[in-house]
Amino acid sequence: MTEPNPYADGEYKWGPTPGTPPGVPEYDFPTPTLADGAPGATAGYGYPGAAPAPGYGHPQSGAPHPAPMGAAGTPLVSIGDITVVGDSIITPSGTLPLRGAVWNATDMSRTEEKIPTHAIILAIVFFLFCLLGLLFLLMKEKTTTGFIQVTVTSGGKHHSTMIPANHAGTFQMVMGQIGYARSLSAM
């Protein structure tokens, strides 16, 4: 790479031109500006003559920086009494390594649909006055009971927790959290 091109026709020569004093630039580049980061440079386009005032978009030297994702002590996801922090899983039975953890969920909840008692009373009362009272029997009430069991196994340890199912979408919510925990375990 230090040799000139052997196929050149002789017009261009390598190195500084003969007779140029040392320290003088041989190329005609523009003067460095503050945007180039040169110390003692002149003000350039978009930069005032003085240093920019502290504010939005200009990081300060002593300004606190946000903690990176997964730093120690920062919970990434919490599922029942299982908490994923940094590169570990904290459970009441001990700390497990996050890498290679196996997550499982079992839906042990059920959703029942029934006619509420106030609808039956209204149907009886309004049936006596008009036949439209039977429309109150079309009222339905959904109740979800049970639990969702979440288990995690890692590093030869196993932990299981039960999350109460308050509504029909609880299992989908827990599965979203487990999907995130699985993606963290795969990293």
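Analyst: What follows starts from the whole chain, turns to the helix, and ends with its surroundings.

This is a predicted model, in which local features need pLDDT of at least 70 and side-chain atom pairs count only at pLDDT 80 or more, while totals for chains, interfaces and linings use all residues. Residues are numbered from 1 along each chain as its sequence is written, and side-chain values use heavy atoms, with hydrogens and water left out.

The protein chain has 2 helices and 7 strands, where helices (H or I, at least four residues) and strands (E, at least two) are DSSP runs numbered from the N terminus. Along the sequence these elements follow the pattern β-β-β-β-β-α-β-β-α. Of the 187 residues in the protein chain, 19% count as buried, that is, under 20% relative accessible area, with exposed meaning over 50% and partly exposed in between (1.4 Å probe, protein chains only).

Helix H2 (residues 170–185) has 16 residues and reaches 23 Å from its first C-alpha to its last, close to the 22 Å expected at 1.5 Å a residue; the expected span is 1.5 Å times one less than the number of residues. Its buried residues are Thr 170, Val 174, Ile 178, Ala 181, Leu 184 and Ser 185. They lie on the same side of H2, because they cover an arc of only 110° around the axis, the arc being that of the directions from the helix axis to the C-beta atoms. As a general point, an α-helix has 3.6 residues a turn, so residues three or four places apart point the same way.

The cover over the buried residues of H2 includes S1, S2, strand S5 (102–114), S6 and strand S7 (157–164). H2 lies across S1 and S2 and runs at about 135° to S1, with axes taken as lines fitted to C-alpha atoms, for helices over the stretch in contact, and angles running from 0 to 180 degrees between N-to-C directions. S1 and S2 belong to an open sheet of 4 strands in the order S1-S2-S3-S4, with antiparallel pairing. Strand S1 (75–79) and strand S4 (94–97) stand at its edges with a single partner strand each, so one side of each is left without a neighbour in the sheet. The twist in this sheet averages 20° from one strand to the next. S1 pairs with strand S2 (residues 82–85) over 4 bridges, pairing requiring that DSSP finds at least two bridges between two strands; Thr 83 in S2 is the bridge partner of Ser 78.

The largest nonpolar core has 18 residues, and those with the most contacts inside it are Ile 79, Val 84, Ile 89, Trp 103, Val 150 and Val 174. Such a core is a set of buried Ala, Val, Leu, Ile, Met, Phe, Trp, Tyr and Cys residues joined through side-chain atoms within 4.5 Å. S1, S2, S6 and H2 are the elements that give two or more residues to this core, and H2 gives the most, with 4 residues. Leaving aside neighbours within four places in sequence, Val 174 is in contact (heavy atoms within 4.5 Å) with Ile 79, Ile 148, Val 150 and Ile 163.

Strand S6 (residues 141–154) also holds Thr 145, which counts as partly exposed because its relative accessibility is 36%. Thr 151, likewise placed in S6, counts as buried at 13% relative accessibility.
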